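Here are my notes on this one, point by point. Have the model open while you read.

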Amino acid sequence: MTPQATMTPQATAQPQQPPVLRDGVSQPVFDAEPVRETVWVETGLDGDHDGAVDRVAADIARPAGTDAKVPVIMDASPYYSCCGRGNESELKTYDDQGRPVGFPQFYDNYFVPRGYATVLVDLAGTNRSEGCVDVGGPSDVTSAKAVIDWLNGRAQGFDSAAGGSPVEAPWTTGDVGMVGKSYDGTIANGVAATGVEGLRTIVPIGAISSWYDYYRSDGVSFGFDPVGLANTVEEGGRPDCGAAKQELVDGAPADGDVTPLWTDRDHVADAGEVKASVFAVHGMGDLNVKTIQFGQWWDELAERDVPRKVWLSQTGHVDPFDFRREVWIDTLHRWFDRWLLGVDNGIDREPAASIERAPDEWVDEPTWGGDAAKPTALHPVPGGTPGLGELRPEPGEGTASFTDDPNLGEHDWAQRPDQPSPARTLFTTAPLAQDLRLAGTGSITVTATPGTDTAHLSAMLVDYGPATTRDYLGEGEGIRTLGTESCWGENRPGDDACYLDTEATRSDVDFEIISRGWADLANHESLSRETPLSPGTPYEMTFRLATTDHVIPAGHRLGLIIGGTDNQFIVAPSRPGEIGLDLAKTSVTLPVVGGTAGLADAPAGTPQVRPDRVPPRPHVELNVDER
């Protein structure tokens, strides 16, 4: 299946005059001070229940001195006044009359001179918009969709937040490309899943596709809830939004069950409505917006042959502007030229995937390898030491057990693979005879017998062997900010185009956790409801492992760890206890690219984990926000 194109894209409306091109890309010919204005667009909703339709603020920068109709690059965000955007946490700024001056990030500086408008939308309930935040729900998504409707003449806009005069948008073609990292990219996913006319492309960076999977995982909670994020982006909360907050509290139970609140915020389920092309970017080390978010979204888009492209980095939750800046801007420029200006520059016929295999070392491939990966089962087999064993293609026999210790987590479990631990079981392959690539989303099936009436499970895949990786577990999540600057676009008073440079940070390690998954055994029958557990009774459950794209080199070992509460991520059950495993009925399914010959034994010694090469514990503030 080719990622780039059997689906016919929407026809792109052409500007009144063609773009000025050189070397196949649009040129910065609009050098006058841009028109900067704010339009408040009616959403059709009344989230704050004040009896008036909510209006959201859209701050616009567009070329001046031209009659040409221009397309729009849009970033819809809740962070423009509370938290900032980009590596330097830029906020919007305004003059004494309330007119927009400072536009965060480089989009307006770079693209407006090249014949684009930039529109930065405050989500409902944030900054200068009315209404209430609902964290990925109808209010959030409609905030941006309504602005696209206004750009295409289907919604009303005004020159003030209340009252005022109507404003139209005769200056635009109505063609929109949405871009943004994290929450902003999530809104792009959600708007694309509505199928709104006029949205031609989206560029989601480290974005959520299902809000359930941001806060929960197969029945367990990560320990934080959407109401906290709503309060953050509303800067403490708005007095008229109590009912909206209560809905978030009531709809997100701590037991981790899937509820209507979560299904309403599952964009994957509506992937069939996507008409826009998609250029996705995700860090394989992102432990904030975890990689399952990319993987499940990509799989659904692939099923529908949506035109698409992907970059997968070794970073954590980092924007490509800060890990591959020059190449990123060139690629994004050509992507928008193709889908918004209609320039046949061939980018949709170039390699669809670019993957970082080592710090600053990238490989391109015509289609993402995950599209061709084959589900391949491996089985844990007991060894001579209780709690340790082998991971083999053939099913084994026997049992294993561990005692859930909520004081421990993945870092504790992984760093001594040759030593047993009462808190986990660990199974490894023999040293690999050749490289083994895993690309895609795996799963694990366990038959587990709890010793109490509550049981949480954690599983992870580990690459055991020496490597140099980006230090995505460190504070910068794989980058270091430098004291020098580079400039991208036109500098304007109050809105410069210069940003601090960055460089890759590196870590020498002897093992790397490449995929993780968590589950509540009480949800073995359904993620929508728990089934009471009876101590001593075996239960079978399959749960997901996070999407990965990782090459395990020849001579390394692949490890599978199964434990209880991973205290670096999930909340412990109320009564943790011993958990037994029936190994004959336990297996892990891996997304293997190019066959399984690499699983054969190699004449290499067992890799040893040296204390000075153990990865640091993850530096991830999961309970603050997902910027």
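1. The lining of the second largest pocket splits into 14 nonpolar, 11 polar and 8 charged residues. A pocket here is an open set of points on a 1 Å grid over the protein atoms alone, where a 1.4 Å probe fits and protein lies on both sides within 12 Å along at least five of seven lines; lining residues have an atom within 4 Å of a point. The volume comes to about 460 Å³, taken as the space filled by probe spheres set on the points, which are joined across faces, edges and corners. Of the 33 lining residues, Met284, Glu512, Ile514, Asp549 and His550 are the closest to the pocket centre.

2. Before going on, the ground rules. This is a predicted model, with local features needing pLDDT of at least 70 and side-chain atom pairs counted only at pLDDT 80 or more, while totals for chains, interfaces and linings use all residues. Numbering runs from 1 along each chain as its sequence is written, and side-chain values use heavy atoms, with hydrogens and water left out.

3. Which strand gives the pocket lining its largest share? Strand 28 does, with 6 residues. Strand 16 (308-313), strand 17 (353-358), strand 25 (456-470), strand 28 (506-520) and strand 30 (548-552) each supply at least two. Strands (E, at least two residues) and helices (H or I, at least four) are DSSP runs, numbered from the N terminus.

4. Now the packing. The largest nonpolar core has 78 residues, and Met74, Met178 and Leu199 have the most contacts inside it. Helix 2 (residues 138-151) gives the most to this core, 7 residues. Such a core is a set of buried Ala, Val, Leu, Ile, Met, Phe, Trp, Tyr and Cys residues joined through side-chain atoms within 4.5 Å; buried means under 20% relative accessible area, with a 1.4 Å probe and protein chains only. Another core, of 34 residues, lies apart from the largest one and includes Leu438 and Val592.

5. Val176 is worth a click. Sitting in strand 11 (residues 172-181), Val176 counts as buried because its relative accessibility is 0%. Beyond four places in sequence, its contacts (heavy atoms within 4.5 Å) include Met74, Ile148, Leu199 and Leu340. Trp339 is 163 residues from Val176 in sequence, yet their C-alpha atoms are 9.0 Å apart.

6. Helix 5 (residues 226-233) buries Pro226, Leu229, Ala230 and Val233. These cover an arc of only 105° around the axis, so they sit on the same side of helix 5; the arc is that of the directions from the helix axis to the C-beta atoms. They pack against helix 3 (183-192), helix 4 (212-215), helix 6 (242-251) and helix 7 (260-263). Just after helix 5, Glu235 takes a positive phi of about 55°.

7. Helix 6 buries Ala244, Lys245, Leu248 and Gly251. Their arc is 140° seen down the axis, so they line one face of helix 6. Helix 5 and helix 7 are among what covers them.

8. Two histidines to finish. His333, in helix 9 (residues 325-340), is buried because its relative accessibility is 3%, and its contacts include Tyr110, Phe111 and Arg114. His267 is in the loop between helix 7 and strand 15 (277-283); at 6% relative accessibility, His267 also counts as buried.

Note on methods. Buried means under 20% relative accessible area, exposed over 50%, partly exposed in between (1.4 Å probe, protein chains only). Ala, Val, Leu, Ile, Met, Phe, Trp, Tyr, Cys and Pro count as nonpolar, Asp, Glu, Lys and Arg as charged, and the others, Gly among them, as polar.
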